[in-house]
Amino acid sequence: MGAKVITITSGKGGVGKTTTTANLSIALARLGKRVVAIDADIGLRNLDIVMGLENRIVYDLVDVVEGRCRLPQAMIRHKQFPNLYLIAAAQTRDKTAVSPSDMVALTRKLRPEHDFILIDSPAGIERGFRNAVAPADEVLIVTNPEVSAVRDADRIIGLLEAFNRGPGQLIINRIKPEMVRRGEMLSAKDVTDILSIRIIGIVPEDETVIPSSNSGVPVTMSENSRAGQAFMNIARRLTGENVPFMQLDATGNLFQRIARLFGGNNSET
Amino acid sequence: MSGFFDRLRGRDRGSKNKAKERLQFILVHDRISLPPEQLAQMKREILEVISKYVSIDEEHVDIALQPRDRTSNKLIAEIPFKRRAHPEEVDEAAQGEILDVIDEDEEETVRVDPSRINEIEKQMDVDEGKQDEQPAQDPTKPSKTTD
Ligand SMILES: Nc1ncnc2c1ncn2[C@@H]1O[C@H](COP(=O)(O)OP(=O)(O)O)[C@@H](O)[C@H]1O
Ligand SMILES: [Mg+2]
């Protein structure tokens, strides 16, 4: 069977799916895993930009599916991490060019030679979302600690169950520990309680994220980014390592900091 | 001065709690694909049907979705009836078909085998007709009877 296929989805747009896919791909590559990242957001391709590979794309996902190129020709190899490849989304084509069974067939070809295949899902619950989750062994649902994002995450969790891809694991992105502490923002525990789903990562709001996307160097590539550390922790958990949730606050003792952020519970819900 | 921080804290808590409350409400409806407006309509219809057979103490009706988790939500309904007769009379009328009579201060919650409702209803009408005086009714409320 080979690689594990992990789809990153959310329902709502702009919550951090592409950021997460780029960073987890690099983090897993840094851990020595053989990784393929696939951008399934056809028509709105941007995983290549966040990963800094936009200038090297000749063929894309739709070219592969429609037989205009061989699969290896559409796999862009990362310069720093030779064990990491990207398959870009088509920028101009119609979304229906790819079907869920195309995605299953594609990942079947990639599985033997790799350890992880990460799929960046488009927002919404339409065809693109179905394409992205069809081949998934594991689904990561990205959300923000906000009412609308959590609502969409809940919808996605319900759909994953219906598609037999559930229950999935949650990534809470853009959490601001200071606001959580003041009671101005939902905590990670609030969100996991409401969604009753397992959590695999908490990623803080981090000012280094946007500049790093600007320059095409995801935060996991540098050592001193908290968001980067959080993504690295998630990658480790994906490889089966038991990594404690990181402390996101500068005050109080370690236990209090974690307890405050996460309500004192572990990741089991 | 001390009130400032209290107020600030109170407001801040409110914002997160507000988010939680709103989410819980939204998700119950999302999970069963029944928007609040339709639930309200459904409640009205349920009460309408029941009112055809028994008069309902509308002020104390409580029909609500009970959120558990994604897969086990349920509708919990408490629909108290208006006092129609003394428990002994009801008992007699139903000839043992009344399964449960809970005597409260003002009203009774009576659960009846639905297949026997017509029969009981008829019997109760007869009983009522025999009475000279109507039971005291609140003049501020329109009297609710089974038409
Ligand atoms: N943890 C974070 N801290 C700060 N900014 C973030 C974080 N995660 C994502 N962003 C920013 O949010 C925006 C949307 O992220 P993106 O990954 O493109 O979302 P999606 O793919 O879900 O639409 C981007 O500008 C991204 O840089
Ligand atoms: Mg995206």
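How much area is buried between chain A and chain B? In this predicted model, the figure is about 1,500 Å², and carbon and sulfur atoms give 56% of that area. On the chain A side, the residues that lose the most area to chain B are Val147(A), Arg151(A) and Ile194(A), which together make up 35% of what that side buries. Counted by contacts, 17 residues of chain A meet 15 residues of chain B.

Now let us turn to ligand 1. It is surrounded by 16 residues, and the closest are Gly14(A), Lys17(A), Thr18(A), Thr19(A) and Asn173(A). Several elements of chain A each supply at least two residues of the shell: helix 1 (17–30), strand 7 (169–175), strand 8 (198–204) and helix 9 (209–215).

| Residue (backbone atom) | Atom of ligand 1 | Distance |
|---|---|---|
| Gly16(A) | oxygen | 3.0 Å |
| Lys17(A) | oxygen | 2.8 Å |
| Pro204(A) | nitrogen | 3.0 Å |

On its own, ligand 1 has 560 Å² of accessible area, and the protein covers 81% of it.

Finally, a word on confidence. Chain A has a mean pLDDT of 91, and 91% of its residues reach 70 or more. Residues 264–269 of chain A are a stretch to read with this in mind: the pLDDT there is below 50, and the stretch has 12 contacts in the model beyond near neighbours in sequence.

Technical notes
Residues are numbered from 1 along each chain as its sequence is written. Chains are lettered from A and ligands numbered from 1 in the order in which they are written. This is a predicted model: local features need pLDDT of at least 70, side-chain atom pairs count only at pLDDT 80 or more; totals for chains, interfaces and linings use all residues. Side-chain values use heavy atoms; hydrogens and water are left out. A residue is near a molecule or strand if one of its heavy atoms lies within 4 Å of it. A polar contact is a pair of N or O atoms within 3.5 Å; within protein, one must be able to donate a hydrogen and the other to accept it, and residues adjacent in sequence count only if both atoms are side-chain atoms. Accessible areas come from the Shrake-Rupley method with a 1.4 Å probe; for residues, only the protein chains shown count as cover. Helices (H or I, at least four residues) and strands (E, at least two) are DSSP runs, numbered from the N terminus. pLDDT is the predictor's confidence in each residue, from 0 to 100. Contact means heavy atoms within 4.5 Å. Buried area is the accessible area (1.4 Å probe) that two parts lose on being put together, summed over both.
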